[in-house]
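Here's a quick briefing to read with the model open beside you. Have a look at the structure, then work through the topics below.

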Amino acid sequence: NYTGIPYPFGKFDFLLVPSFQFGGMEHPGSVYYNAPALMLDESATQNQKLGRASLIAHETAHMWFGDLVTMRWFNDVWMKEVFANFMAAKIVNPAFPEINHDLRFLYAHYPAAYDVDRTAGTNAIRQRLDNLDEAGSMYGAIIYQKAPIVMRQLELLLGAASFRDGMQEYLKAHAFGNATWTDLIATLDRRTPDDLAAWSRSWVEEAGRPIIRVDLKANGEAVESLEVTQEDPITARGLLWTQPLSVAIGYRRDGVGTRHRMTGRALRISSGATVPDYVLPNSDGVSYGNFVLDPSSRASLLENLPADEVARGSALVMLWEEMVDRRVAPRAMFDLLMKALPTERNELTIQRMLSYLQQVRWRWFRDAERANSAAAVETTLRAGLNAAKTPSLKSAWFNALRDMAQSPSTLSWLESVWRKTETVPGLVLAEPDFITLAQELAVRGVPDGEAILSEQIARTQNPDRKGRMEFVRPALSADPAIRDAFFAQLKDPVKRRREAWVLEGIGYLHHPLRAASAEKHVRPSLEMLLEIQKTGDIFFPKRWMDATLSGHRSPTVAATVTTFLEGLPAGYPDRLRRIILSSADDLFRVTRQARP
Ligand SMILES: [Zn+2]
């Protein structure tokens, strides 16, 4: 119905492959699927069912977007992926009315896109690709997370009906042929008074995001003016980003949003006569940028998040970005999360908050600050675990507790859960959960850590998991010499073949609790990146760098990365340099070190 083109390939088969390396592959007329993604257990959660429905809809949409009309060259491979997701959401979302899809979209896309787009290593959605052997390094958060945000904005810019008509025209014109992003923009441009080529330049052809600043001027209790401005963080470039912008004016926790369009540099907004508790830009979670709140709204939102679910989620993500940019203290973010978590009812928001709580403690807190907060955090998490109503919420709280636990009493309780002498009513723990629990206990150096690992390996039934645990085990050893030997063997590409295993081991090797003894491995890991790109799968270089650096917060390690980058030879691949810059971004920020 959406494309106005009947199914183009006659037959339409599903072929289920056991342990297929992709979720699905859109061969015309016969879609291949990873069998476990379609054959779910009876206990499957709503989220898993939504994921399966989305996967089927995604591959089906590819019959039109990708197969009927194919990109001319791989620099536009992102288009078919974005359209497949775009269509999948239209097909599947109405069947899951109990899920807040706007909120789900927000959490699934914005934090990951910002994680890369705020760094010096970011790239444009549409990149130049000279040789197919570099195609793998194009994939990442900018294509998978930022591009869908941008596409949703394009639909809003044109209006849903006009956008659909343009897509139909594009598909008909290029059926059984090839087309580029430029072809699509030219087709859509005829349907709007806006200059889509200029729009595309800011959003698709260039990297980064606008700084969007709220300026609220008050005279006592009265509002004098309210203005939102945008600027390009790269001053010399001077881009303007056209986008929809909703602004909520909030009193207490309730805000009333109004929709605007940000086209020029500044936007004046009329507000109530009295100064509100907060002004929240992007209250509908549609706009994209580095938002700078006005000081009184920032303080107010750190006290109380808005009542509306999407506005609350948007404020949460925004305050996190403000923390990363040093406008909010990590301690203030921590206090907000600890205060908001016990009363939060939305499952998606609870999961997002738990993830932020972990990051703020492991990454942004100093060791002493982290240790001092342990008791309060563990109490909050235990209470959340007990109060949680659904199995998926139970496991979210439990996993957070497992990953943050530090105090001897919580560790010994977790050990009892691992020994199955304690149970948590309503919490379902499967084999992979016991493995992770054993490993998390071992990395904390509990007295019988080695015995726990041995017993867990013996207990493990699944041969693949058993092999993985045996591989990872030396990285968890209390003996630094054994951990060093784990790293040394990875110089041999054969030992790096099972990349998921390697990444898990590297993650434990550089665990924040072990960071000091792992500092010496950082430089060799950077030196190995070039070879890793040649021998590894497409996502491996970025994941290798993330696993290496995410546990560190010392100026020494930041300096190691800087020295390495400054000493790179002229011919070093730019994409790898960018991967390092983006993986090291938090480290540079935490240590307040200037980026090279
Ligand atoms: Zn796809």
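**Rings, zinc and strands**

Phe 334 is buried, and Phe 365 is buried too; buried here means under 20% relative accessible area, exposed means over 50%, and partly exposed is in between (1.4 Å probe, protein chains only). Bear in mind that this is a predicted model, where local features need pLDDT of at least 70 and side-chain atom pairs count only at pLDDT 80 or more, while totals for chains, interfaces and linings use all residues. Residues are numbered from 1 along each chain as its sequence is written, and side-chain values use heavy atoms, with hydrogens and water left out.

**Aromatic pairs**

- The whole structure holds 22 aromatic pairs; rings of Phe, Tyr and Trp (its six-membered ring) pair if their centres lie within 6.5 Å, and planes under 30 degrees apart count as stacked, over 60 as edge-to-face and the rest as tilted.
- One of them is the stacked pair of Trp 320 and Tyr 356, at 4.3 Å centre to centre with 5° between the planes.
- Trp 320 sits in helix α10 (residues 309-324) and Tyr 356 in helix α12 (residues 347-364), so this pair ties together parts 36 residues apart in sequence. Helices (H or I, at least four residues) and strands (E, at least two) are DSSP runs, numbered from the N terminus.
- Trp 320 is buried at a relative accessible area of 3%, and Tyr 356 is buried at 1%.
- Phe 334 and Phe 365 make a tilted pair, 5.2 Å centre to centre and 55° between the planes.
- Because Phe 334 belongs to helix α11 (residues 330-340) and Phe 365 to the loop between α12 and α13 (367-387), their pair ties together parts 31 residues apart in sequence.
- Ring pairs also join Tyr 7, Phe 9, Phe 12, Phe 14, Tyr 33, Trp 64 and Phe 176 into a cluster.

**Charges over rings**

- Arg 352 has its charged end over the ring of Tyr 356, 4.9 Å from the centre. The cut-offs: NZ of Lys or CZ of Arg is within 6 Å of the ring centre and within 35 degrees of the ring normal.
- Over the face of Phe 434 you'll find Lys 420, 4.7 Å from the ring centre.

**The zinc site**

- Which residues coordinate the zinc ion? They are His 58 (NE2), His 62 (NE2) and Glu 81 (OE), at 2.1 Å.
- Donors are N, O and S atoms within 2.8 Å of the metal (3.2 Å for Na, K and Ca), and since water is not among the atoms, sites may look incomplete.
- The donor spacing in sequence reads H-x3-H-x18-E.
- His 58 and His 62 are about one helical turn apart, because they're four residues apart in helix α2 (residues 46-62).
- Both His 58 and His 62 are buried.

**Strands and domains**

- An open sheet has four strands in the order β10-β7-β6-β12, with mixed pairing; two strands pair if DSSP finds at least two bridges between them.
- Its edge strands, β10 (266-268) and β12 (290-292), each pair on one side only.
- Strands β6 (residues 211-219) and β7 (residues 222-231) pair in the antiparallel sense over nine bridges, and Val 214 stands opposite Val 228 in β7.
- The chain is divided into domain 1 (37-205), domain 2 (211-324) and domain 3 (479-596), with bounds from an automatic or database domain assignment.
- Domain 2 and domain 3 have C-alpha centres 37 Å apart.
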